[in-house]
Amino acid sequence: MSSATELTRNGLWSNNPALVQLLGLCPLLAVTGSVVNALGLGLATLVVLVGSNTAVSLIRHYVPDAVRLPAFVMIIASFVTCAELLMQAFTYELYQVLGIFIPLIVTNCAILGRADAFARKNPVLPSMLDGLMMSLGFLAVLLVLGALREIIGQGTLFTNMQLIFGPMAADWEITVFPNYPDFLFAVLPPGAFVGLGLLIALKNRIDSGLEARRAARQEKPIAGSKRVRVTGHIS
């Protein structure tokens with residue numbers, strides 16, 4: 001069983017579903033045109049992933065291997081329906097904006113992958129933590145990519161946040177570049193591909209730097225150590 005620290009590190013960084021596993025890219029690339037869209041999809045994915053991991057872990061001793069995948073898909077679809085109904089009740093305008101990508105969470109390989117690879121083999125609490133950390137890692141990538149595309153594409157940040165937080169968030173919009181001419185490439189999916197590629201490159205660069213620093217520390221001689229001759233004849 002993995003430790004809480006290891007599960008946290010894997011979900012947020014080492015095995016991030018978007019930057020390392022490259023799963024769930026279809027909705028990630030499609031809806032990250034703004035921060036509010038990214039936040040809406042990320043929260044819906046969090047509800048489904050944590051709920052499905054918990055449910056799969058609870059029934060893991062009672063579902064035979066022959067039908068486990070259909071059972072997991074049914075569980076995931078149930079939680080997606082719950083997320084849809086919640087969004088229709090509390091954030092209906094955002095639900096209309098995200099459109100088909102909310103029902104398509106059922107087909108997100110990251111969710112089914114965690115259910116089959118982790119939740120069906122581990123107790124409830126580690127499975128919940130794994131789902132939470134994987135969701136937060138996915139949400140973080142969504143937010144960073146959404147913020148980049150919104151700033152470069154429209155010159156603003158936090159536009160239409162009232163779709164999630166209500167009227168009090170109507171004036172949260174920040175104009176980063178006044179009189180900015182919209183940059184359509186960043187708003188469209190090709191801009192999402194380029195942005196995600198840059199994020200993956202940045203993560204790999206940071207990992208390489210950390211690995212090089214760790215290797216340098218291991219090769220550094222220990223202060224006060226003595227050299228011992230191990231070849232030749234000692235009389």
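Ala, Val, Leu, Ile, Met, Phe, Trp, Tyr, Cys and Pro count as nonpolar, Asp, Glu, Lys and Arg as charged, and the others, Gly among them, as polar. The model is predicted: local features need pLDDT of at least 70, side-chain atom pairs count only at pLDDT 80 or more, and totals for chains, interfaces and linings use all residues. Residues are numbered from 1 along each chain as its sequence is written, and side-chain values use heavy atoms, with hydrogens and water left out.

**Exercise 1.** Describe the largest pocket by volume, lining and residue class.

*Solution.*
Step 1. On a 1 Å grid over the protein atoms alone, a pocket is an open set of points with protein on both sides within 12 Å along at least five of seven lines, whereas a cavity is a set where a 1.4 Å probe fits but cannot get out; lining residues have an atom within 4 Å of a point.
Step 2. Grid points are joined across faces, edges and corners, and a volume is the space filled by probe spheres set on the points. For the largest pocket this gives about 190 Å³.
Step 3. Its lining includes Gly 40, Leu 43, Phe 90 and Ile 164. Two or more lining residues come from each of α3 and α4 (68-90); helices are DSSP runs (H or I, at least four residues), numbered from the N terminus.
Step 4. Sorted by class, the lining holds nine nonpolar, two polar and no charged residues.

**Exercise 2.** Which helix gives the largest share of the lining of the largest cavity?

*Solution.*
Step 1. The whole structure has one cavity of 30 Å³ or more, and the volume of the largest cavity is about 60 Å³.
Step 2. Among the residues that line this cavity are Pro 17, Thr 45, Arg 114 and Phe 138.
Step 3. At least two lining residues come from each of α3 (35-58), α6 (109-117) and α7 (124-154). The largest share, three residues, belongs to α6.
Step 4. The classes are six nonpolar, three polar and one charged.

**Exercise 3.** How are α1 and α7 oriented to each other?

*Solution.*
Step 1. Axes are lines fitted to C-alpha atoms, for helices over the stretch in contact, and angles run from 0 to 180 degrees between N-to-C directions. Helix α1 (residues 4-14) packs on α7 at about 30°, with the axes 7 Å apart.
Step 2. Angles under 35 degrees count as roughly parallel, over 145 as roughly antiparallel, 65 to 115 as roughly perpendicular and the rest as oblique. Therefore α1 and α7 are roughly parallel to each other.
Step 3. In contact (heavy atoms within 4.5 Å), α1 residues including Leu 7 and Leu 12 meet α7 residues including Leu 129 and Met 133.
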